[in-house]
Amino acid sequence: MARFNTKAAKAQPTSRVTSTGRVLRTYEGGRGHERDARSELFLLAVSHFLADTFYENAKDREDRFARLVRDLAVTDPSWTVGLLGWLRGEGNIRTAAIVGAAEYVKARLDTGATEGPSNRQVIASVLRRPDEPGELLAYWTATYGRTVPKPVKRGIADAVRRLYHGKSLLKYDTASKGYRFGDVLNLVHAAPDPDKPWQGELFQYALDRRHNPDTAVPPASNRVLTAHRELMAVPVGERRAVVTAPDGAERLAAAGITWEALAGWLQGPMDKAAWEAVIPSMGAMALVRNLRNFDEAGVSDEVAARVAAKISDPAEVARSRQYPFRYLAAYQHAPSLRWAYPLEQALGHSLANVPALPGRTLVLVDRSGSMWARLSDRSELNRADAAAIFGTALAVRAVDADLVEFGTTSRRLTFDKGESVLKILGRFGDLGGTDTTSAIRAHYRGQDRVLIVTDEQYAYNVYGDPTEQVPAGVPVYTWNLAGYRAGHGPSGKGNRHTFGGLSDAAFRMVPLLESARDADWPWTA
């Protein structure tokens with residue numbers, strides 16, 4: 001077998017998550033390495049900073065995030081704008097982008113900074129979903145009061161003109177939102193888009209819905225809103241007949257009825273007929289989240305086959321922008337085996353950027369206690385599961401890989417070529433503490449590269465930090481899933497590189513580095 005050459009005479013490539021050289025301590029007492037401000041912010045942002053972690057609560061993480069954004073908004077505005085745009089775009093991390101944009105603008109207004117993109121542009125660029133103008137307003141007013149600066153108002157108004165339409169109003173302008181569409185319009189005074197002659201009537205209807213809901217009438221020119229109003233007027237006792245009629249699915253779709261809205265409209269159970277009527281208009285993300293409900297309601301095999309085809313379609317997976325661990329959650333909670341193969345296919349499509357590495361690879365997956373904190377307050381999944389997904393995908397696709405789980409102890413996991421990633425995940429365990437150094441010493445046997453998926457909070461070891469156990473000429477890639485301040489080793493040069501996040505996006509940096517090219521930040525690579 002050809003060996004991967006890690007000892008070429010040319011200059012070593014660099015990656016962008018960089019250590020400052022200052023020594024810190026990890027939360028477990030290991031010798032840690034401080035990162036520069038850009039690297040710390042990047043890893044914190046991509047690791048879902050608004051969740052409690054094993055060592056750091058959500059408020060502390062939010063404060064650290066805001067401080068880093070405010071500092072870099074003034075000292076390095078171009079880089080910060082690039083990060084915010086990537087977070088909301090390819091990174092698909094909504095909250096960090098929205099909070100980051102608000103803090104960026106606040107810092108620049110406070111200091112009078114003018115270099116770089118306008119504050120208005122930055123605000124508008126991170127608002128990609130129709131409820132996000134309200135979310136940004138909610139954050140700003142809760143943090144800085146109800147006086148909203150003009151650049152913030154104008155950026156939100158630009159987004160409103162782009163995002164507000166009939167279907168978005170039905171889906172997102174609900175009583176559960178802190179800021180309704182009408183509230184946003186009142187605060188930012190958005191004028192309709194001149195190229196959308198229908199938008200003026202829509203804006204007025206949004207205001208009427210907010211302030212005079214009993215008398216608000218949708219514009220006759222908007223077919224979705226008028227069809228929705230007609231369905232709302234159907235007496236409760238006749239609604240199930242509408243759903244079961246031959247044109248039931250078409251009527252629900254024409255009226256913009258989501259599955260959540262259908263449950264409330266029927267004022268009764270979501271049975272087989274109800275699900276089968278609304279499934280054709282459901283997106284892939286909604287389908288994946290409801291597989292268990294479909295089984296419990298007894299949807300037919302014919303309908304289930306259409307669901308399976310949609311959730312496993314590569315284009316649908318790309319469009320839904322689901323994190324890979326969402327498919328693991330669905331697999332764990334859906335009782336029927338008919339979903340196993342389509343979920344395996346979907347998981348594979350969601351990991352498209354994981355490379356097929358040549359030569360020999362050592363993959364270490366952190367299964368210590370600190371990795372079992374939930375990814376967010378709304379998720380039952382944890383960093384240990386996310387780490388296992390990424391590590392297994394890397395191992396399965398590599399030409400020759402050793403897959404190891406570690407904690408207080410460590411062990412090698414066996415798998416067959418082409419074996420299901422979801423099946424392999426069932427072999428991982430809970431291994432207590434974080435002795436990364438000993439795991440590498442036990443399993444490094446001259447492999448061409450080492451990849452460690454971890455939160456980097458290793459325990460003190462007399463032999464030093466984990467990366468020191470690997471010869472300097474062999475690349476060590478750390479995949480950080482938590483964004484703590486101290487790393488377990490140096491990064492940014494000398495064959496020591498750190499990436500992060502809960503998607504596969506940054507895995508494309510590994511082949512760049514191994515072809516002796518610098519791995520830039522994801523938005524400039």
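**View 1. Aromatic pairs in the predicted model.** Searching the whole structure of this predicted model turns up seven aromatic pairs. One of them joins Tyr164 and Phe203: the ring centres are 6.3 Å apart and the planes meet at 90°, so this pair is edge-to-face.

**View 2. Charges over rings.** Two cases are shown here. The charged end of Lys171 sits over the ring of Tyr172, 5.6 Å from the ring centre. Arg441 lies over the face of Tyr463, and here the distance to the ring centre is 3.5 Å.

**View 3. The largest nonpolar core and a separate one.** The largest nonpolar core holds 138 residues. Leu87, Ile156, Leu262 and Phe294 touch the most other members. Helix H22 (residues 383–397) supplies the largest share of this core, 10 residues. A second core is separate and has 12 residues, including Ile452, Val470, Val474 and Val476. Beyond residues up to four places away in sequence, Leu87 touches Ala45, Val46, Asn92, Ile93, Ala96 and Ala97.

**View 4. Helix H21 and its packing partners.** H21 spans residues 340–350. Its buried residues are Pro342, Leu343, Glu344, Ala346, Leu347 and Ser350. They pack against several helices: H17 (291–297), H18 (301–311), H19 (314–320), H20 (324–333), H22 and H23 (421–425).

**View 5. The loop at Gly268.** Gly268 is found in the loop between helix H14 (259–266) and helix H15 (272–278). Gly268 is partly exposed, at a relative accessible area of 29%. Arg240 is 28 residues away along the chain, yet the two C-alpha atoms are separated by 8.9 Å. With neighbours within four places in sequence set aside, Gly268 is in contact with Arg240 and Ala263.

**View 6. The six-stranded sheet.** Six strands form an open sheet in the order E5-E4-E3-E6-E7-E9, with mixed pairing. Strand E5 (410–413) and E9 stand at the edges. Each has a single partner strand, so one side of each lacks a neighbour in the sheet. From one strand to the next, the twist averages 20°. Strand E6 (residues 449–454) and E7 run parallel, joined by five bridges. Ile452 stands opposite Thr478 in E7. Ile452 is also a member of the second core.

View 7. Which residues of E9 cover each face? Arg496, Thr498 and Gly500 lie on one side, His497 and Phe499 on the other, and all are buried. Five of the five residues of E9 (residues 496–500) are buried, so the strand is largely enclosed by the rest of the structure. Five bridges join E9 to strand E7 (residues 476–480), and the two run parallel. Val476 stands opposite Arg496 in E9.

**View 8. Helices lying across the sheet.** Helix H1 (residues 37–46) lies across E7 and E9, and it runs at about 40° to E9. H22 lies across strand E3 (360–366), strand E4 (400–406), E6 and E7. The angle between H22 and E3 is about 170°.

Terms used:
Residues are numbered from 1 along each chain as its sequence is written. This is a predicted model: local features need pLDDT of at least 70, side-chain atom pairs count only at pLDDT 80 or more; totals for chains, interfaces and linings use all residues. Side-chain values use heavy atoms; hydrogens and water are left out. A nonpolar core is a set of buried Ala, Val, Leu, Ile, Met, Phe, Trp, Tyr and Cys residues joined through side-chain atoms within 4.5 Å. Buried means under 20% relative accessible area, exposed over 50%, partly exposed in between (1.4 Å probe, protein chains only). Helices (H or I, at least four residues) and strands (E, at least two) are DSSP runs, numbered from the N terminus. Contact means heavy atoms within 4.5 Å. Rings of Phe, Tyr and Trp (its six-membered ring) pair if their centres lie within 6.5 Å; planes under 30 degrees apart count as stacked, over 60 as edge-to-face and the rest as tilted. A charge sits over a ring if NZ of Lys or CZ of Arg is within 6 Å of the ring centre and within 35 degrees of the ring normal. Two strands pair if DSSP finds at least two bridges between them. Axes are lines fitted to C-alpha atoms, for helices over the stretch in contact, and angles run from 0 to 180 degrees between N-to-C directions.
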